[in-house]
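Me: Hi! I'm new to reading structures, could you help me with this one?

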Amino acid sequence: MSFQIPRGTQDILPEQAAKWQYIEQMARELCRRYNYQEIRTPIFEHTELFLRGVGDTTDIVQKEMYTFEDRGGRSLTLRPEGTAAVVRSFVENKMYGYPNQPVKLYYMGPMFRYERPQAGRFRQFVQFGVEALGSNDPAIDAEVIALAMDIYRTLGLKKLKLVINSLGDIESRKAHRQALIDHFQHRIHEFCDDCQARLHKNPMRILDCKKDRDHELMRTAPSILDYLNEQSRTYFEKVQMYLQKLGIAFEVDPRLVRGLDYYNHTAFEIMSEAEGFGAITTLCGGGRYNGLVQEIGGPETPGIGFALSIERLLAALEAESISLPISEGIDCYVVALGEQAKEEAVALVAALRQEGIAAEKDYQDRKVKAQLKAADRLHATYVAILGEDELEKGVINVKHMATGEQQEVSLHTFISHMKNVLQ
Ligand code: HAM
């Protein structure tokens with residue numbers, strides 16, 4: 001019997017993993033600079049959390065959740081996204097009482113959605129996301145967007161498009177919602193089943209329909225921007241002003257609605273405009289969710305955040321032919337010749353490692369030539385050769401692979417010598 005990986009998932013093999021680590025470290029470093037702290041929540045949560053948090057009219061909840069019953073009969077769900085869980089933890093741990101507000105959090109980890117797999121769309125994917133809870137200042141919206149852009153820019157991506165919109169507050173949304181129902185209802189039978197179901201539940205989502213996107217009523221649909229009340233409009237203008245202050249270019253797209261229910265006011269997405277990037281161009285999505293903390297049982301608290309997947313980020317890097325500066329070689333390969341030298345090599349490699357040096361030796365009983373080849377394959381900066389003669393003389397031959405320069409070093413000073421030359 002042979003086994004295959006489940007559909008929509010992938011193994012990240014060592015060469016790829018080095019890229020992942022590079023990106024993860026860079027994201028953590030940017031979070032340090034922006035003062036976001038890490039939070040780790042469970043991979044699964046009570047199903048009810050996502051029904052409430054993400055919203056039961058969303059595709060995620062209706063079609064995409066990995067939901068199961070545990071042995072105690074509880075309904076649990078593998079998290080399809082991070083925001084609901086972070087907000088759950090924020091409420092449960094009473095972070096609204098922390099002296100430092102807003103509470104600025106980030107997370108990184110696997111999310112699960114039962115979607116139709118295709119390029120850039122997985123059933124298990126890794127999101128990096130941030131959530132800033134407790135501030136109603138449009139400057140924090142701009143900060144969150146700036147952090148997302150910073151991640152892509154730091155990695156060298158250039159072909160990016162930032163699209164923003166405002167979904168307004170409850171009052172604005174209500175007015176727009178009625179306008180949408182009035183606009184679509186007399187011809188809703190010309191739309192797909194999903195749109196028909198959404199007309200009264202969540203008409204804004206009709207604007208996001210892929211199947212009916214070319215229907216003439218889509219083009220003439222009322223724009224949310226015409227329904228923003230004074231407060232919402234001012235808020236949106238300030239977000240734009242701050243983005244300009246930060247030198248971040250953006251486009252306003254009143255059709256940007258996002259696929260999750262919790263958003264209001266600012267919504268944004270970052271797309272790749274690189275040629276050949278594929279059909280799914282969204283790299284990152286986020287927005288403000290001022291009612292969510294209350295929905296999940298906490299006090300009224302505003303929030304904003306975003307999430308991006310590392311998978312799509314890697315695809316964007318590939319589309320722009322950007323290679324990451326990953327050092328792939330080891331520092332020193334110890335080549336041993338003869339039984340005694342082999343025994344000594346075990347101790348030498350251990351001592352090198354104790355000093356923080358990446359060291360390797362042979363475990364396949366190879367001849368010297370094959371050991372040298374192995375060192376080459378591992379891109380060793382140095383090779384140290386220990387034969388019987390050297391052992392007798394108490395020395396070891398250290399060769400710098402790039403220059404071919406060789407030096408005989410006393411075994412007593414070998415470790416400190418390597419430390420010096422590798423500095
Ligand atoms: P989302 O738009 O559902 O938002 O997902 C955010 C990002 O996750 C997408 O832009 C994409 O990069 C990535 N993503 C989503 N689904 C997949 C998939 N099947 N395969 C690969 N990548 C995927 C959220 O999840 C919100 N929680 C974002 C947020 C945080 N809003 C406020 N705070």
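Me: What does arginine 52 count as at 44% relative accessibility?
Reply: Arginine 52 counts as partly exposed, because its relative accessibility is 44% (buried is under 20% relative accessible area, exposed is over 50%, and partly exposed is in between, with a 1.4 Å probe and protein chains only). Keep in mind that this is a predicted model, where local features need pLDDT of at least 70 and side-chain atom pairs count only at pLDDT 80 or more, while totals for chains, interfaces and linings use all residues. Residues are numbered from 1 along each chain as its sequence is written, and side-chain values use heavy atoms, with hydrogens and water left out.

Me: Which residue forms a salt bridge with arginine 52?
Reply: Glutamate 295 does, and the closest N and O atoms are 3.7 Å apart (a salt bridge needs a side-chain nitrogen of Lys or Arg within 4 Å of a carboxyl oxygen of Asp or Glu). This pair links distant parts of the chain, 243 residues apart: arginine 52 is in helix α2 (residues 47-53) and glutamate 295 is in helix α10. Helices (H or I, at least four residues) and strands (E, at least two) are DSSP runs, numbered from the N terminus. Glutamate 295 is partly exposed too, at 38% relative accessibility.

Me: Nice. How many salt bridges does a search of the whole structure find?
Reply: The search finds 28. One of them joins glutamate 38 and arginine 40, at 3.0 Å from N to O. Glutamate 38 is partly exposed at 29%, whereas arginine 40 is exposed at 70%. Another joins the side chains of arginine 187 and glutamate 190, at 3.0 Å from N to O. Arginine 187 is partly exposed at 21% relative accessibility, and glutamate 190 is partly exposed at 37%.

Me: Which residues do salt bridges that share partners join into one network?
Reply: Asp59, Lys63, Asp194, Arg198, Arg205, Asp208 and Lys210 are joined that way.

Me: Switching to rings: how many aromatic pairs does the structure hold?
Reply: Nine. Rings of Phe, Tyr and Trp (its six-membered ring) pair if their centres lie within 6.5 Å, and planes under 30 degrees apart are stacked, over 60 edge-to-face, and the rest tilted. Take tyrosine 262 and tyrosine 263: the ring centres are 4.8 Å apart and the planes are at 65°, so this pair is edge-to-face. Both tyrosine 262 and tyrosine 263 are buried.

Me: What about tyrosine 262 and tyrosine 289, what kind of aromatic pair do they form?
Reply: An edge-to-face one, 5.7 Å centre to centre with 70° between the planes. Tyrosine 262 is in the loop between β8 (251-252) and β9 (264-272), and tyrosine 289 is in the loop between β10 (282-288) and α10 (292-295), so the pair ties together parts 27 residues apart in sequence. Tyrosine 289 is buried, as is tyrosine 262. Elsewhere, ring pairs link Tyr106, Phe128, Phe268 and Phe306 into a cluster.

Me: Which charged end sits over the ring of tyrosine 114?
Reply: That of arginine 123, 4.0 Å from the ring centre (the rule is NZ of Lys or CZ of Arg within 6 Å of the ring centre and within 35 degrees of the ring normal). Lysine 361 lies over the face of tyrosine 363, at 4.4 Å from the ring centre.

Me: OK, helix α5 next. How many of the 17 residues of α5 are buried?
Reply: Twelve of the 17, so α5 is largely enclosed by the rest of the structure. Among the buried residues are Pro138, Ile145 and Tyr152.

Me: And where is the cis peptide bond?
Reply: The bond from glutamine 101 to proline 102 is cis, with omega near -5°. Proline 102 lies in the loop between α4 (83-92) and β5 (103-112). Most peptide bonds are trans, and most residues other than glycine have a negative phi.

Me: Then what phi does aspartate 365 have?
Reply: A positive one of about 55°, although aspartate 365 is not a glycine. Aspartate 365 is in the loop between β13 (359-361) and α13 (368-377), and it counts as exposed at 57% relative accessibility. Histidine 379 also has a positive phi, about 50°, and is not a glycine. Histidine 379 sits in the loop between α13 and β14 (382-386) and is partly exposed at 47% relative accessibility.
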